[in-house]
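Colleague: I am new to reading models like this one. Could we go through it together, one question at a time?

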Amino acid sequence: RFELAKAKRSPSKLRCPIICIMGHVDTGKTKILDNIRRTNVQDGEAGGITQQIGATFIPKESLLERTAQLNKGEWDLRVPGLLVIDTPGHESFTNLRSRGSSLCDLAILVVDIMHGLEPQTIESLNMLRSRKTPFVIALNKIDRMYDWTENTNFPTQETLSLQKDHARREFQDRYDKIVIEFAEQGLNVAKYWENPDPRTFINIIPTSAITGEGMPDILQTLVDLCQNRMNERIQYVPAVQCTVLEVKMIEGLGTSVDVILINGKLKEGQTIVVAGLEGAITTQIRALLTPQPMREMRVKGSYIHHKEIEGAQGIKIVATGLEKAVAGTSLLVLDPEDDEMELREEVLSDMKGVLARVDKSGEGVYVQASTLGSLEALLEFLKSDAVKIPVAGIAIGPVNKRDVMGASVMHERKKPEYATILAFDVPVTKEAHAMGEELNVRIFTADIIYHLFDQFTAYMEKVKADKREAASQHVNFPCILQIMPNCVFNKRDPIVVGVDIVKGVARVGTQICIPSQGYIDIGKIASMELNHKEVKKATAGQSVAMKIEPRTPSESSRLYGRHFDHKDQLVSRMTRESIDMLKESFREELTKDDWRLVVALKTQYEKATGETI
Ligand code: GDP
């Protein structure tokens, strides 16, 4: 349906391109947004910059004024302005979709010239690539070059030409390094005024968000990129294209969704269909709201009501039954000629991929996020080879008691490490916190995905280490031992003997038996000394004094000289449980030969006893 409507687009009417700002923490994303928002137009209403729901609108007039020094007034500006999404760097807002494609038409990837590429830069880069979103790179904080001369709001090339040689040289050195770092990520980049081929080289715009240097360049480059290379994408389409940014309760108004209306018109009273976590929601628009003009923003809760409104704009929609709406999905309008079931299916299609990620076994962690986009990013991370953590449940919105109860089931399933909720950018209710403590459910929260990954990875590493520690008390490492006849220090309970490790690894905790005497068990290795020093582990070729402690009455009766002697080889007992533990927790500690010994000991036992391990 939307594809059909696209055919009606008007080449002469361009809509506002939608811009996102991304990058690592502290690179200056917020400062760049602040700078873009700053206006010299005195009267906020006279074509000035306006604050919208979830976005800032920079009108044509303001763009012309801010870039005048750069283009000397000769610039063919055809877009009505730019709509910049307000929450810079927030994954939940940069991974938003609308009808299959990314909500953001264009992105600014911010890199700190002092730090180069950082982990989140690379993450953002990958996200932009996978969404095929065009972007420019702001190489920010150029004013931090030693002895930099500030030229407030100057275009980049002009301010560079006014710098002393050493400042310019430092800039060039840092720039060159960063070009190489991008090349390592498989990306060609170039200063935008030296760009040999804008189709294959990404534009770099050196900026300072503090002094405003390079800000004219950013604005102009963004607009040029839209007009020249994305013209078709930003042609206005009369059909509604709208993305849910956030679901909110407003006192006195009920439930509302903050949306970006990209194309088309919304009208009061229209029936809309949005995706809900428990199915599609059909409801009616009760009110269409936008904030008061800037100077009146302080008047809390006062909005302007609209009968109808046209994209691209950030809008608040009030309607009943939106509590379970999923941020990050499309909002559709149900016209009289439409089939409601079809629309309900369409809004849910964005969520199919996410729902498919939930593990069928029912075992795994719980994942909660503020939007579909951030939920996807989290699931992507958990699925990656380095992590591979199953997910048992997902939710969008605050963490409630019910979620904690869901996660606590993992204790019953003997997977305590999965009794965990990863909560990204969502509040955790007081009751949920209390219940988490009571039921021993860990709740990790963060509003930067990257931080959540770090916390969780550290936690999983600790779980693994603890598991290994616990397992090492019970796991049997593969070994063949030979008693040294003149080194028998105690013949029974405990047996203390000198042994040569013929093959494999002897490790404290390993259960020892004697194949030649019908696999009788004699106890487990309690301690070892190598050259009078206590060791936990000894390997083939080493000789140690070993204490073998009985665990059962029959083991305590095993006597050196009667039940066995130095002519009998001692080997570790192989069991299914122990082999599984070796595989799960000690894979790296064993060599190929050690693994061969595991198989040999197992086969030998099976042949001798007729039992299968
Ligand atoms: P964000 O985490 O990416 O949003 O980064 P912020 O915008 O909060 O900036 C992080 C820090 O860097 C703040 O202390 C800013 O004042 C500072 N900063 C941002 N841009 C610039 C810049 O262009 N030059 C200098 N010198 N400092 C900057």
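Modeller: Gladly! Helix α2 (residues 29-37) gives the most to the shell around the ligand, with 3 residues. Helices here are DSSP runs of H or I with at least four residues, strands are runs of E with at least two, and both are numbered from the N terminus. This is a predicted model, where local features need pLDDT of at least 70 and side-chain atom pairs count only at pLDDT 80 or more, while totals for chains, interfaces and linings use all residues. Residues are numbered from 1 along each chain as its sequence is written.

Colleague: How many residues surround the ligand, and which are the closest?

Modeller: A residue is near a molecule if its C-beta atom, placed from the backbone, lies within 6 Å of it. The shell has 17 residues, and the closest are G28, K29, T30, K31 and A209.

Colleague: How many residues of that shell are charged?

Modeller: Asp, Glu, Lys and Arg count as charged; Ala, Val, Leu, Ile, Met, Phe, Trp, Tyr, Cys and Pro as nonpolar; and the others, Gly among them, as polar. The shell has 4 nonpolar and 7 polar residues, and the charged ones number 6.

Colleague: Is K141 buried or exposed?

Modeller: A residue is buried if 20 or more other C-beta atoms, placed from the backbone, lie within 10 Å of its own, exposed if 12 or fewer, and partly exposed in between. K141 sits in the loop between β9 (135-140) and α6 (156-161), and its phi is near 75°, positive in a residue other than glycine. Because 25 other C-beta atoms lie within 10 Å, K141 is buried.

Colleague: Why does K72 count as exposed?

Modeller: K72 lies in the loop between α3 (60-71) and β5 (81-85). K72 also has a positive phi, of about 50°, although it is not a glycine. K72 counts as exposed because its C-beta neighbours inside 10 Å number 8.

Colleague: What is the reach of helix α14 from its first C-alpha to its last?

Modeller: Helix α14 (residues 449-472) has 24 residues. The expected span is 1.5 Å times one less than the number of residues. That gives 34 Å for α14, and the model comes close to it, at 34 Å.
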